[in-house]
Amino acid sequence: MIATQLHQTNLFVQLCVPGVSLLPEHLAHAAKDAYDENMNDISVSRLQRDVSHEVSALLTKSSSNKFSGHQLEVRSALGSIDMVVSCHGGHKIALEVDGPFHFANNNHQKRLGSAELRDRLLTKLGYKVCPLSCFVWQQWKSSSADKSGKLERIILEAAAKELQVQLAHGATLSRQCSTPWAIVPLHQPTDRPHDTKAQQWW
């Protein structure tokens, strides 16, 4: 685990400052080898399949013309991305389904630094990152909420943030959005779900 985190941190520095490495060459190679070995052991979780099923349902909606496809466990220079959702217009959204081990034990609203670093790395690699908390997903499942509608909203929110950044920097957009996006902030639940329930679906 430590070697994996070292590799991620070193990769982030190299992406920010090309040619600079935090580690000596032999340690950098050892950390990368450990990271690659860890990536080979990754499997698709029940939670990921559950979310993927809803994304598939979202894509097949006749009224939805915003998405063009999605893939599970996409390999990148960083390693494995839980899911990549392709939007019409060329945007690729890295949908990361964060399980309980991505959060502090005493605060399920507090993401660990490793998850934050992963998101920054994916952003550096050109993805628009959309993290989905397992606790938010569980709340959606246990209520009568429209899971597909909420999922669509947070994915489009991630894509729209990139457009806002481009506009804020005065960039000329190379493509026009065919569908206007009305973004409504999605607040995470404040109630902590019962741990035993979390174990049933994770």
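1. In this predicted model, helices H1 and H2 are roughly perpendicular to each other. The reasoning is brief: the two helices pack at an angle of about 115 degrees, and angles of 65 to 115 degrees count as roughly perpendicular. H1 covers residues 2-16 and H2 covers residues 25-40, and their axes lie 8 Å apart. The crossing of H1 and H2 is left-handed.

2. The residues that form this contact may be listed by helix. H1 contributes Ala3, Thr4, Leu6, His7, Gln8 and Asn10, while H2 contributes Ala28, Ala31, Lys32, Ala34, Tyr35 and Asn38. Sorted by class, the contact of H1 with H2 comprises six nonpolar residues, five polar residues and one charged residue.

3. The next topic is the nonpolar interior. In soluble globular proteins, nonpolar side chains tend to be buried together. Here the largest nonpolar core has 25 residues, and those touching the most other members are Val51, Ile93, Leu95, Leu132, Leu151 and Ile155.

4. Several elements supply two or more residues to this core: helices H3 (46-60), H5 (134-142) and H6 (147-168), together with strands S2 (80-87), S3 (92-98) and S6 (128-133). H6 gives the largest share, six residues.

5. Which residues is Ile155 in contact with, leaving aside its neighbours within four places in sequence? They are Phe67, Val85, Ile93, Leu95 and Cys130. Of these partners, Ile93 and Leu95 are also among the core residues that touch the most other members.

6. There is also a second, separate core of seven residues. Among its members are Val84, Ala94, Leu122 and Tyr127.

Note on methods. Residues numbered from 1 in each chain as written. Predicted model: local features only at pLDDT ≥ 70, side-chain atom pairs only at ≥ 80, totals over all residues. Heavy atoms only, no water. Axes fitted to C-alpha atoms, helices over the stretch in contact; angles between N-to-C directions. Helix = DSSP H or I, 4+ residues; strand = E, 2+ residues; numbered from the N terminus. Parallel < 35°, antiparallel > 145°, perpendicular 65-115°, else oblique. Left-handed = near helix turned anticlockwise from the far one by under 90°. Contact = heavy atoms within 4.5 Å. Nonpolar A, V, L, I, M, F, W, Y, C, P; charged D, E, K, R; others polar. Core = buried A, V, L, I, M, F, W, Y, C linked by side-chain atoms within 4.5 Å. Buried < 20%, exposed > 50% of the residue type's maximum accessible area, 1.4 Å probe, protein only.
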